[in-house]
Amino acid sequence: MPRQIIKSGQVSENRKARFNYSIEDTIEAGVALTGAEVKSLRYGLVNITDGFVQNRGGNLLLSNVAIQPLPTANKAIRFDERRYRQLLLHRSQINRLIGKLAEKSATIVPLKMYFNNRGRLKVLLGIGRGKQQTDKRETIKRREWEREKSRITKKHC
């Protein structure tokens, strides 16, 4: 368990999301949580790499995000790690995102989870499409070329 409690700032980042999806748009949303979940998040006990957003009955739910309970927490306060968590957005934003989800191969994935300056948990959602294997190879080639280019210019300066 981390020693520092996160008051404001980044809790978790999904670095694989930008590799596996071509992100077209982003939106910030709040998340409905219990008190024990917030405390676990302040210690950074969360994994958002497998997370995604789905539509259930006109509401958007954050699925497959694992928030681990604190090991020192009371057994009576335990919660389900991977339960569905409701996203807090305006109705117009929800309708727009539901429309995006209805498009073919569109996906909404969490990119970052962080506490804002007011201490509220926010999740940055990315709206995009899954990349094909060839697109992923192209991304790897571009990234390696940028690294090599920076090495060459650093060596010659």
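A salt bridge here is a side-chain nitrogen of Lys or Arg within 4 Å of a carboxyl oxygen of Asp or Glu. Arg 151 and Glu 148 sit three residues apart in H4, so about one helical turn separates them. Glu 148 is partly exposed, at a relative accessible area of 35%. As for the cut-offs, buried means under 20% relative accessible area, exposed means over 50%, and partly exposed is what falls in between (1.4 Å probe, protein chains only). Elsewhere, salt bridges with shared partners tie Glu 24, Glu 103 and Arg 129 into one network.

A word on what you're looking at: this is a predicted model, in which local features need pLDDT of at least 70 and side-chain atom pairs count only at pLDDT 80 or more, while totals for chains, interfaces and linings use all residues. Residues are numbered from 1 along each chain as its sequence is written, and side-chain values use heavy atoms, with hydrogens and water left out.

Back to the charges. Side chains of opposite charge can pair when their charged atoms come close. The count of salt bridges comes to eight. Helix H4 (residues 133-156) also holds Glu 138 and Arg 142, four residues apart, about one turn of the helix. Their closest N and O atoms are 3.7 Å apart, and they form a salt bridge. Glu 138 is partly exposed at 48% relative accessibility, and Arg 142 is partly exposed with a relative accessible area of 48%.

Arg 96 and Asp 25 make a salt bridge too, at 3.3 Å from N to O. This pair links distant parts of the chain: Arg 96 is in helix H3 (residues 91-102) and Asp 25 in strand S2 (residues 21-31), 71 residues apart. Helices (H or I, at least four residues) and strands (E, at least two) are DSSP runs, numbered from the N terminus. Arg 96 is partly exposed at 37%, and Asp 25 is partly exposed at 27%.

Now for the sheet. Seven strands make up an open, antiparallel sheet, in the order S1-S8-S9-S2-S7-S5-S4. Strand S1 (9-13) and strand S4 (52-56) are the edges, each pairing on one side only. Two strands pair if DSSP finds at least two bridges between them. On average, neighbouring strands of the sheet are turned by 45° against each other, direction ignored. S1 and strand S8 (residues 106-115) run antiparallel and are joined by four bridges. Across from Met 113 in S8 you'll find Ser 12.

Helix H2 (residues 35-42) lies across S1, strand S7 (85-88), S8 and strand S9 (121-130), at about 75° to S8. For such angles, axes are lines fitted to C-alpha atoms, for helices over the stretch in contact, and angles run from 0 to 180 degrees between N-to-C directions.

The loop between S8 and S9 contains Gly 119, which is partly exposed at 24%. Setting aside neighbours within four places in sequence, Gly 119 is in contact (heavy atoms within 4.5 Å) with Lys 7 and Arg 42.
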